[in-house]
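Here is a short report on one protein chain. It covers helices, aromatic pairs, a surface patch and salt bridges.

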Amino acid sequence: TEMKNCSEVTEFILLGIPHTEGLETLLFVLFLPFYACTLLGNMSILVTVLSSNSLHTPMYFFLGNLSVFDMSFSSVTCPKMLLYLMGLSPRISYKDCVSQLFFFHFLGSIDCFLYTVMAYDRFTAICHPLRYAVIMSPRVCVALAVGTWLLGCVHSSVLTLLTFTLPYCGPNEVAHFFCDIPALLPLACADTSLAQRVSFTNVGLVSLVCFLLILVSYTRIIISILRIPSAEGRHRAFSTCSAHLIAILCAYGHIITVYLQPTPNPMLGTVVQILMNLVGPMLNPLIYTLRNKEVKTALKKVLHRTNHVLVI
């Protein structure tokens, strides 16, 4: 009987953004340009990195990876949210809900791992410049990228299995605009304390380890930069690293606010998630292009070639 009752939930209803009844059209008009800019900006970075020989270096290889994952990360939740705001059905099937949760945490964790790898890349470039080409060889870069994908898959698989091995046989209204752990666990028809503890530990451990590795890398980087005799050299090194630091602060602020609070605030969590799903991936191309002359120069060349082809 228990298994029969537990199999009744075949879909969930996403209740959307709290306290926004009647504002759906306004929010759609507000959010759609953000999502479009996210796709356009990150695609521009990716095309620029791929088409510019001067950017075929480890730093920009990882930046290209970050652009792919930012586009994908935003696309996990935003299209469904925009369709809901247009007045289409807020229902999501059980399988789609599982997929959404898996890919949200898969891509989100890869971002954390990529930031860590990018910090190591900057550490190697600034602290060991003579050995940089050997340490960050193409084979090593590919191995590090694949490693981030595998770690992200393991991390997300654990969270997804913990969430969906629980029985869901009662209410199916998710008090959120997408399927995520804090919104789904209250709907389970069983004790969720183990899932809560393990998910808290999993997210917390991944975030803490990545953050400590980034902190160690940048501590060494700052020490090395301060030893550079010329002011121009120090400014160039700080300029290269500052964009990465800004992106890291934005990413970790989101994780702490949503997942690592003992008593999370649902409304605050929703606002932060919207900002990080829409604004964060959109800001990364701006952060990395506005603070980086090489990317700006290469992007201008790509745009010039594109305009020339269109004119022809």
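Helices (H or I, at least four residues) and strands (E, at least two) are DSSP runs, numbered from the N terminus. The model is predicted: local features need pLDDT of at least 70, side-chain atom pairs count only at pLDDT 80 or more, and totals for chains, interfaces and linings use all residues. Residues are numbered from 1 along each chain as its sequence is written, and side-chain values use heavy atoms, with hydrogens and water left out.

**Surface patch**

Phe61 sits in helix H3 (residues 58-85). Its relative accessibility is 31%, which counts as partly exposed. The scale runs from buried (under 20% relative accessible area) through partly exposed to exposed (over 50%), with a 1.4 Å probe and protein chains only. Helix H6 (residues 138-164) gives the largest share of the patch, 4 residues.

**Annotated regions**

An unreviewed UniProt entry places the feature "transmembrane region" at several ranges, including 102-120, 140-164 and 203-226. UniProt positions follow the numbering used here, feature names are shortened, and annotations may be inferred rather than shown by experiment. Residues 140-164 are 100% helix and 0% strand, with end C-alpha atoms 36 Å apart. Residues 203-226 are also 100% helix and 0% strand, and there the end C-alpha atoms are 34 Å apart.

Helix H4 (residues 94-127) has 34 residues. From first C-alpha to last it reaches 49 Å, close to the 50 Å expected at 1.5 Å a residue. That expected span is 1.5 Å times one less than the number of residues. H4 is mostly covered, with 25 of its 34 residues buried.

Rings of Phe, Tyr and Trp (its six-membered ring) pair if their centres lie within 6.5 Å; planes under 30 degrees apart count as stacked, over 60 as edge-to-face and the rest as tilted. The count comes to 13 aromatic pairs. Phe102 and Phe103 are edge-to-face, because their planes stand at 85° with ring centres 5.1 Å apart. Phe102 and Phe106 are stacked, because their planes stand at 10° with centres 5.7 Å apart. Phe102 and Phe106 are 4 residues apart in helix H4, so about one helical turn separates them. Phe102 is buried at 18% relative accessible area, and Phe106 is buried at 15%. Phe103 is partly exposed at 39%. Elsewhere, Phe12, Tyr94, Phe164 and Tyr168 form one aromatic cluster.

**Salt bridges**

A salt bridge is a side-chain nitrogen of Lys or Arg within 4 Å of a carboxyl oxygen of Asp or Glu. The structure holds 2 of them.

| Salt bridge | Closest N and O atoms |
|---|---|
| Arg91 with Glu11 | 2.6 Å |
| Arg122 with Asp121 | 2.9 Å |

What does the Arg91 and Glu11 pair tie together? Arg91 lies in strand S2 (residues 91-93) and Glu11 in strand S1 (residues 11-14), so the pair ties together parts that are 80 residues apart in sequence. Arg91 is partly exposed at 43%, and Glu11 is partly exposed at 28%. Arg122 is buried at 12%. Asp121 is buried at 1%.
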